[in-house]
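Here's a quick tour for anyone opening this one up for the first time. Have a look at the sequence and the 3D view, then read on.

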Amino acid sequence: MTKKIFLTEDEMPRKWYNIAADMPNPMPPPLHPGTGQPVGPDDLAPIFPMNLIEQEVSTEREIAIPDEVLQIYRIWRPTPLVRAERFEKLLDAPVKIYFKNESVSPPGSHKPNTAVAQAYYNKVAGIKRITTETGAGQWGSALAFACCLLGLECKVYMVKISFQQKPYRRLMMMTWGANCIASPSDETQAGRTILSRNPDSPGSLGIAISEAVEAAVSDPSGETRYSLGSVLNHVLLHQTVIGLEAKAQIEKAGDYPDVVIGCAGGGSNFAGLSFAFLRDKINGKDIQVIAAEPTSCPTMTRGPYAYDFGDTVQMTPLLPMYTLGHNFMPPPIHAGGLRYHGMAPLVSQLVRDGLVEPRAYPNLDTFKAGVDFARSEGHIPAPETSHALAAVVDVARQAKAEGKEKTILVNFSGHGLVDLTAYDAYLSGQLTNYALPEEEIVKALKDLENFPKP
Ligand SMILES: *Cc1c(COP(=O)(O)O)cnc(C)c1O
């Protein structure tokens with residue numbers, strides 16, 4: 001049995017796959033919060049360069065990956081597809097498990113797949129500087145890495161609690177030459193507003209997004225744009241290189257998955273692995289596609305499908321998505337990347353259409369799966385990734401109970417080597433399960449009552 005299935009650099013995909021061309025029902029358009037009308041390219045132009053806006057609304061099935069992006073991808077791509085035979089043995093179930101190892105990129109996750117593409121498109125549009133937010137720091141470090149290689153300035157607003165608790169990602173950003181500051185900061189109106197209400201605010205992804213957007217649109221030189229690490233269509237598009245490679249690899253192994261699994265924060269690594277396979281599912285293939293989220297931030301499993309802002313200070317368009325409300329404050333669990341209140345509109349639409357099945361997993365199940373994986377396969381997963389592994393365990397258990405053989409493909413979205421304090425909390429017994437009380441959700445959703453309904 002082959003342990004690792006490689007592609008050569010020549011076999012790397014030359015095009016991204018745009019699922020908008022194949023969806024049975026298109027997603028409703030994002031709306032301008034002021035007018036309630038669909039946002040046009042001009043509304044977005046102060047925030048993103050036009051070439052990315054074109055990708056955001058494109059329905060072309062395939063979009064060529066520029067040569068300069070491919071050249072940088074070659075630093076770590078194609079990534080290996082690995083048969084998790086030792087994890088299989090540990091689970092003792094009739095399953096074959098393949099994991100796509102996206103942790104081999106220099107920042108340690110799937111995120112540079114879009115960071116490099118976005119930095120490239122900004123550069124060719126004449127932009128000199130990119131702002132962004134980061135939660136746990138994975139996105140900020142990915143964008144810092146990408147801007148460094150493409151010669152752009154990078155400014156990262158990092159959620160304050162992570163800024164304090166996770167110095168290593170901040171230091172990665174600084175090593176790649178980026179400027180990283182704690183959010184809420186006093187550098188923006190959005191940050192000052194939050195601090196005046198609560199000087200000890202630990203920050204949130206929504207607040208940091210507001211600061212980064214404001215910093216981009218208020219730069220008088222006009223040479224700054226904003227960049228988002230997940231949720232939007234063009235971000236998901238860039239991530240499809242993962243699934244296109246994985247499909248070629250698993251077919252090389254003479255196999256095909258029955259179940260495709262990814263964890264979902266904003267939806268990008270999940271989409272990246274699954275969209276190439278969802279294309280087959282839309283065309284009649286019988287596969288199960290599972291998006292795994294935390295019970296503490298149960299966007300798809302307990303939130304409504306509604307129009308909502310992408311950020312707390314209501315600067316983004318209204319997006320049609322599963323959401324817990326833009327003011328939702330998730331408890332500070334150790335999977336920062338999964339704490340976002342919304343879900344990518346493309347993924348949300350696929351959930352509505354029954355093509356994607358969301359499942360939620362509690363803290364202790366995810367860490368148990370992560371530690372079991374580390375003790376069998378060796379790789380220590382990011383706490384986010386462990387949600388996908390908890391889904392693998394769940395599917396394996398079910399397969400065993402039903403006596404059915406299953407081939408599972410899972411996205412190993414990142415390693416946990418910069419998240420070991422979370423493992424410390426788990427291994428020393430300090431973690432507990434946390435299911436969000438219903439009244440928290442009801443309270444957070446009050447804000448959506450007067451918005452248009454998709
Ligand atoms: C950011 C991150 C996630 C969650 O983001 P998505 O956009 O849902 O992929 C998951 N895993 C890792 C390792 C991450 O860094």
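Let's start with an open sheet: seven strands, arranged in the order 1-4-5-15-10-11-14, with mixed pairing. Its edges are strand 1 (4-5) and strand 14 (357-361), each of which pairs on one side only. Keep in mind as you look around that this is a predicted model.

Inside that order, strand 10 (residues 259-263) and strand 15 (residues 406-412) run parallel, joined by three bridges. As background, strands of a sheet pair through backbone hydrogen bonds, either parallel or antiparallel.

## An antiparallel pair

For the other kind of pairing, turn to strand 12 (residues 305-309) and strand 13: they run antiparallel and share five bridges. Here Tyr305 stands opposite Tyr322 of strand 13.

Strand 13 (residues 318-322) is mostly covered, too, with five of its five residues buried.

## Around the ligand

Now for the ligand. Which residues come nearest to it? Out of 19 residues around the ligand, those are Lys111, Ser230, Gly265, Ser268 and Asn269.

With Ser413, a nitrogen atom of the ligand is involved, 2.8 Å from a side-chain N or O atom. How much of the ligand does the protein bury? Taken alone, the ligand exposes 380 Å², and the protein buries 97% of that.

## One face of helix 9

Helix 9 (residues 189-197) has Ala190, Gly191 and Ile194 as its buried residues. Looking down the helix axis, these buried residues fall within an arc of 95°, so they line one face of helix 9. What do they pack against? The partner is helix 10 (205-217).

## A closer look at Thr224

Thr224 sits in strand 9 (residues 224-226). Is Thr224 buried or exposed? Its relative accessible area is 1%, so Thr224 counts as buried, the cut-off being under 20%.

The side chain of Thr224 makes a polar contact of 2.3 Å with the side chain of Asp219. Setting aside neighbours within four places in sequence, Thr224 also has contacts that include Pro46, Ile127, Arg129 and Thr131, and among them are Ala215 and Ala216 as well.

Technical notes: Residues numbered from 1 in each chain as written. Predicted model: local features only at pLDDT ≥ 70, side-chain atom pairs only at ≥ 80, totals over all residues. Heavy atoms only, no water. Buried < 20%, exposed > 50% of the residue type's maximum accessible area, 1.4 Å probe, protein only. Helix = DSSP H or I, 4+ residues; strand = E, 2+ residues; numbered from the N terminus. Arc of directions from axis to C-beta. Contact = heavy atoms within 4.5 Å. Near = heavy atom within 4 Å. Polar contact = N/O pair within 3.5 Å; in protein donor to acceptor, adjacent residues only side chain to side chain. Areas by Shrake-Rupley, 256 points an atom, 1.4 Å probe, with all protein chains shown as cover. Pairing = 2+ DSSP bridges.
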